[in-house]
Amino acid sequence: MDKDNKGKKSEKDERLSKRLCYVLRYGAVKEGLTLYEGAFVDLDQLLELPLMRHHTRQEVIEEADISLSHRGAKRFETKKENGKLLIRACFCRHFEENPYHEGSNVPKLSEACIQFVCTNLQEYDLEDFPDEHLISKMIQKMKRQSKLNNAALRQLLVPVLEHLDLSGVYITDSTLKLVWRNCSNLRVLSLKDCGYIMTDSIMEQLVKKLPHLESLNLCACKHLTDRSAWALSKHAHNLKELNLSWITTISETSIIDIMTNCSQLVFLDIYDHRISQDSRRIIADIARERKMKIVLKGLTDNGIAPENPCSLLPNFGKVW
């Protein structure tokens, strides 16, 4: 493992880490690897991929052993089984399907049809389309192609959707209005890092208009304040999972109010928040009483803090 004089990873090691994250979280199936139980892959088969040609077996093993997320959680793990050394990502696994027939560059019929619809989206009325899985596949495909704009979302945000992942997508007020007008049955919504200055008033309307929400990811929605927290406390009656990490504008008092008033809440991610010792004790007491899991930097109580602070991040699509 090469490091410069300041202890930082070398450029080659950074590339290795990013390639392992891609393959072991998203690309294993797409790249033709065999998945073993628990989403492990054979290390030797992994090393045969063209994108791994500049990395040795030992380098991959070392990276798997020492690589940590910004929260200090292990990114990868290995195990030996039936004479093979297997490796997997510890969290955020969401594998893309292989769009081609095995051993060829011929697209599968279903993939070709989905691509055709995505390319000619304005020609289709999908409002009464009954298959949420296919709509979700189209949304994810257009997101990967950087084509998921408001025009596309006007066609794709339909009543059948109960799960919607807009993380990393640049959205506007009109996007969120489409969400609550067209997808009133949403149960899972991610707005993580959406490149959008979400106002408290829009957040309040969103929570009011989506009464069935069970999982909400607001990570890095940095302009939300206590007014949004108040809206969650008052209206999010069915909320079970909430991610408020990377938001420093919501007070610890409001966080305690959310924990107290959202009676269904079982998981709260506030990892980066600055919480006083007194409020930490209150948060821990509420969590123990309610049997909640809390992700908070420095919280080590095994009864309420998950062993891996990244393991319960909301996933979308196929989850192992």
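How many salt bridges does a search of the whole structure find? The count is 19. Keep in mind as you click around that this is a predicted model.

**Stop 1: E59 and K12.** Select these two and show their side chains. They meet in a salt bridge, with N to O at 3.1 Å. Now colour the helices they come from: E59 belongs to α3 (residues 57-66) and K12 to α1 (residues 11-27), so you are looking at a link between distant parts of the chain, 47 residues apart. K12 counts as partly exposed, at 27% relative accessibility.

**Stop 2: D42 and K84.** Next, pick D42 and K84. Their closest N and O atoms are 3.6 Å apart, and they form a salt bridge. Since D42 sits in strand β1 (residues 41-42) and K84 in strand β3 (residues 84-89), the pair ties together parts that are 42 residues apart in sequence. Is D42 buried or exposed? It counts as buried, because its relative accessibility is 10% and the cut-off for buried is under 20%. K84, at 34%, counts as partly exposed.

**Stop 3: D165 and K143.** Another salt bridge waits here, 3.3 Å from N to O. D165 is in strand β4 (residues 163-165) and K143 is in helix α5 (residues 132-144), so this pair ties together parts 22 residues apart in sequence. D165 counts as buried, with 9% relative accessibility. While you're on salt bridges, select K30, E96 and R144 too: bridges with shared partners join them into one network.

**Stop 4: helix α8.** Select residues 200-209. Which residues of this helix are buried? They are D200, I202, M203, E204, L206 and V207. To see what these buried residues pack against, bring up α7 (173-182), β5 (188-190), β6 (215-217) and α9 (226-235).

Stop 5: Most residues other than glycine have a negative phi. Go to A39, in the loop between α1 and β1. A39 isn't a glycine, yet its phi is positive, about 70 degrees. A39 is buried, with a relative accessible area of 0%.

Then jump to W246, in the loop between β7 (241-243) and α10 (252-261). W246 is also a residue other than glycine with a positive phi, near 65 degrees. With a relative accessible area of 36%, W246 is partly exposed.

Key
Residues numbered from 1 in each chain as written. Predicted model: local features only at pLDDT ≥ 70, side-chain atom pairs only at ≥ 80, totals over all residues. Heavy atoms only, no water. Buried < 20%, exposed > 50% of the residue type's maximum accessible area, 1.4 Å probe, protein only. Helix = DSSP H or I, 4+ residues; strand = E, 2+ residues; numbered from the N terminus. Contact = heavy atoms within 4.5 Å. Salt bridge = Lys/Arg side-chain N within 4 Å of Asp/Glu carboxyl O.
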